[in-house]
Amino acid sequence: MTRPSAKEIKAIADVAGVPVNAEEAERIAASIGPAFDGFAKIAGTLPFELEPATFTAVQASAAGGKATP
Amino acid sequence: MSRDVSHDLALMSLTGIAQAIAERRCSSREVTQACLDRIADWQPVINAFIAIEPDEALAAADAADAALARGNTQGRLHGVPLAHKDMYYEAGKVATCGSRIRRDFIATTTATALRRIKDEGTVRLGTLQMAEFALGPTGHNSHFGAVRNPWNVNHVTGGSSSGSGAAVAARLSFAALGSDTGGSIRGPANFCGVTGLKTTVGRVSRAGAMPLSQSLDTVGPLARSVEDCALLLGLIAGHDPEDPTTTARPVPDYLAATRQPIAGLRIGVPQSYYVDDLDPEVARVLEATVAVLTGEGARIVKVDLPDQSQLSAACQLVLAVEAASFHKRWLIERPQDYGPQILMRLQNGLAIPGVTYLEALRWRGPALAAHLAAVEGVDAVIAPVAPFAAPTLAESDVGNAPGAEAVIQRLTRFTRPINYLGLPSLSIPAGFTRQGLPVGVQLIGRPFDEAMILRIGAGFQRTTDVHTRLPALP
């Protein structure tokens with residue numbers, strides 16, 4: 001995973017329906033880029049069956065309870 | 001009652017003042033007036049409040065006194081004056097959320113956490129300052145002005161619960177609700193020298209609290225002591241049908257936990273990340289805190305935690321997308337009404353693809369499992385809350401300038417990983433820099449085990465007096 005460029009961010013923001021200008025896109029790229037870098041080793045490596053709800057199950061298991069709240 | 005004696009009432013703990021009113025050793029009016037007097041002195045200096053409601057507060061205090069005279073006590077906080085972060089909706093009242101956009105927003109419902117506290121008989125003093133929409137770790141607010149640190153008004157309070165930290169530190173409110181999505185309770189607690197509790201995701205209802213990130217938001221108290229935090233947590237914790245993410249598991253007796261000894265407990269000290277690039281004064285306070293806990297019989301063990309920078313990055317991705325989603329309508333319709341920094345940070349969420357966001361959420365379970373494996377057999381982990389004491393107003397007033405995000409990320413470097421893991425964490429004041437600025441540590445617990453970190457924090461506060469020290473009015 002690579003951090004998005006300002007040009008790509010401008011396109012993504014347009015698609016999201018909240019256009020940003022070139023200066024804003026540069027600022028966003030510099031601002032959020034490190035988060036992409038930090039997550040790069042995880043992105044694209046997760047097992048097929050893994051769901052976000054696994055978090056709740058792990059949390060409940062650690063606390064000695066059921067997965068459902 | 002003289003003003004000096006009146007001021008003494010405002011200096012008591014939450015548990016102490018509640019008991020004093022219940023036993024009619026003082027009236028709610030006297031206590032409320034004492035707080036209002038202090039607010040009048042301090043507000044021009046630190047800007048902790050958004051709204052102050054003296055007439056309404058005194059009327060409510062009189063009603064509380066009249067009820068008590070008839071033998072009617074509403075609850076455990078009968079007649080106690082409090083103020084909370086201005087993001088907890090109270091039906092019929094304005095909740096600005098620290099913003100221009102919601103400057104005139106009148107809530108139609110009352111937040112569950114706030115209602116549970118109010119149902120115990122509290123008196124509303126007004127509302128407390130916060131970062132705009134709770135998205136900012138410094139204490140600056142471009143609409144309502146910066147909140148200044150009571151220990152040194154040239155320094156910030158931290159955010160986003162900036163008013164909560166400052167008001168509790170200056171003894172303007174006996175306690176206050178805050179919220180913690182990336183460090184927003186622990187940061188201000190740390191920089192202002194008060195006790196703050198970030199709760200486990202699912203422990204306290206978020207219904208009626210302004211949302212920022214549905215996966216990461218948590219509600220919790222800031223107070224003058226661990227005991228006061230325990231009292232409040234016992235009131236606000238528990239299942240709420242209005243917030244289906246809250247757990248149905250029983251609410252422990254947190255106050256009883258604070259009276260348990262800590263001898264024999266195992267406290268983990270991370271060997272990396274949380275000890276990297278620490279200001280020497282923060283390192284000194286951390287070391288001294290560990291020594292106190294050891295002296296109380298706790299066993300210190302080294303722990304090797306998984307890569308915390310990855311957790312921090314995942315936290316940023318989740319928070320940015322969820323915040324942008326909540327704010328999308330206003331980003332389209334009213335971008336000019338945001339402060340420059342929050343606008344920039346909300347726009348960050350637009351740049352993250354959906355697949356990346358979901359990967360960051362999907363990894364949360366394995367990441368928590370890896371953390372729990374690393375701390376197996378450990379009752380809590382101790383770490384600094386920030387690598388340095390409160391920065392100055394000037395050096396943290398970065399707006400949306402190049403490098404602003406780096407300043408923000410450095411402030412929340414030690415708190416974000418805990419939000420991503422959804423763990424409880426208690427920030428306790430632990431010492432001071434040579435300049436007189438407070439320095440705290442955080443005790444990080446296992447899911448839903450707030451009782452353990454409250455127990456350890458109370459053990460520390462039984463043998464130290466850092467949490468009892470007061471800032472002087474400049």
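**Helix packing and the chain contact**

Reader: Let us begin with the helices. In which hand does α1(A) cross α2(A)?
Author: In this predicted model, the crossing of α1(A) past α2(A) is right-handed.

Reader: And which residues make that contact?
Author: From α1(A), the residues are A:Ala6, A:Ile9 and A:Lys10, while α2(A) contributes A:Ala22, A:Ala25, A:Glu26, A:Ile28 and A:Ala29.

Reader: How many of them are nonpolar, polar or charged?
Author: The contact of α1(A) with α2(A) has 6 nonpolar and 2 charged residues, and no polar ones.

Reader: At what angle do the two helices pack?
Author: Helix α1 (residues 6–16) and helix α2 (residues 22–39), both of chain A, pack at about 110°, and their axes are 8 Å apart. Angles of 65 to 115 degrees count as roughly perpendicular, and α1(A) and α2(A) are therefore roughly perpendicular to each other.

Reader: Turning to the two chains, how many residues does each give to the contact?
Author: Chain A gives 39 residues and chain B gives 45 residues.

Reader: What area is buried there?
Author: About 3300 Å² is buried between chain A and chain B, and carbon and sulfur atoms give 68% of that area.

Reader: Which three residues of chain A supply more of its buried area than any other three?
Author: They are A:Phe39, A:Phe55 and A:Gln59, which supply 19% of the area that chain A buries against chain B.

Reader: Lastly, what confidence does the predictor report?
Author: For the complex, the predictor gives an ipTM of 0.94 and a pTM of 0.97. Chain B has a mean pLDDT of 96, with 99% of its residues at 70 or more.

Definitions and conventions
Residues numbered from 1 in each chain as written. Chains lettered and ligands numbered in written order. Predicted model: local features only at pLDDT ≥ 70, side-chain atom pairs only at ≥ 80, totals over all residues. Heavy atoms only, no water. pLDDT = per-residue confidence, 0-100. Axes fitted to C-alpha atoms, helices over the stretch in contact; angles between N-to-C directions. Helix = DSSP H or I, 4+ residues; strand = E, 2+ residues; numbered from the N terminus. Parallel < 35°, antiparallel > 145°, perpendicular 65-115°, else oblique. Left-handed = near helix turned anticlockwise from the far one by under 90°. Contact = heavy atoms within 4.5 Å. Nonpolar A, V, L, I, M, F, W, Y, C, P; charged D, E, K, R; others polar. Buried area = accessible area lost by both parts, 1.4 Å probe.
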